[in-house]
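Here's a quick briefing for anyone opening this structure for the first time. Have a look at the sequence and the model, then read on.

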Amino acid sequence: MSNTPMAASPLTRAVLEIDEYASGLGWDQPARLFALVDTARLRAEQPSLADRLGLRDESESPGLTPIEQEEIPAGKPLDEFLGTIAWPDSVAGCALTVERLMLPPSAEASVPEGLNEARLAKWVAEHPDRQEVRMTVAVLRDGARDSALRLREKDSPTEVLTGSELVPGLAEALAATFAD
């Protein structure tokens, strides 16, 4: 991808590629799930699919190819959906992109006590300091993880924050899809 640093790890490059793809779709999108496959293995084992994905002419450097999965069922909680996933051995990792509202850490002290999930979501949605964020989180079978965060108010490829521990809960949920 044009905005992906070449020096980044293959996992970081995949996360940024997915972030760039999601950015091109615009905001207010549903969550999207991706399988991450070893690009060299894909070229060797499924050359026709590699051709369709435009991977035959790329360099032979190691990398991961994100392959978008079927749409996540609407109305099913994300954690329940992730609990139903089992990946074949050919999948090296997975990634998820999802949009959420978030508050700065300074707002934590003002959260009213005793709110159920629906009321808390309403309170966050009405908070003046709320920000819309798109999170792309990826994990590999070997435990490696990476994330990208993009704020709607700073929707620019140069304003994407990356790091392995940005969304630890979601990373754990994705890692659990590889547990036996």
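Helix H5 gives the largest share of the lining of the second largest pocket, four residues. Keep in mind that this is a predicted model.

- The elements giving two or more residues to its lining are S3 and helix H5, which runs over 117–126.
- The residues lining the pocket are Arg 100, Leu 101, Glu 117, Leu 120, Ala 121 and Val 124.
- Sorted by class, that lining has four nonpolar and two charged residues, with no polar ones.

**Helix H6 and its buried face**
- Helix H6 covers residues 168–175, and its buried residues are Leu 170, Ala 171 and Leu 174.
- Looking down the axis of H6, you'd see these buried residues fall within an arc of 100°, so they line one face of the helix.
- What covers them includes strands S1 (32–38), S3 (93–102), S4 (131–140) and S5 (145–151), along with helix H4 (78–82).

- You'll find Thr 65 in strand S2, residues 64–68.
- Is Thr 65 buried or exposed? Its relative accessible area is 8%, and buried means under 20%, so Thr 65 counts as buried.
- The side chain of Thr 65 is joined to that of Thr 39 by a polar contact of 2.7 Å.

Note on methods. Residues are numbered from 1 along each chain as its sequence is written. This is a predicted model: local features need pLDDT of at least 70, side-chain atom pairs count only at pLDDT 80 or more; totals for chains, interfaces and linings use all residues. Side-chain values use heavy atoms; hydrogens and water are left out. Buried means under 20% relative accessible area, exposed over 50%, partly exposed in between (1.4 Å probe, protein chains only). The arc is that of the directions from the helix axis to the C-beta atoms. Contact means heavy atoms within 4.5 Å. On a 1 Å grid over the protein atoms alone, a cavity is a set of points where a 1.4 Å probe fits but cannot get out, and a pocket is an open set with protein on both sides within 12 Å along at least five of seven lines; lining residues have an atom within 4 Å of a point. Ala, Val, Leu, Ile, Met, Phe, Trp, Tyr, Cys and Pro count as nonpolar, Asp, Glu, Lys and Arg as charged, and the others, Gly among them, as polar. A polar contact is a pair of N or O atoms within 3.5 Å; within protein, one must be able to donate a hydrogen and the other to accept it, and residues adjacent in sequence count only if both atoms are side-chain atoms.
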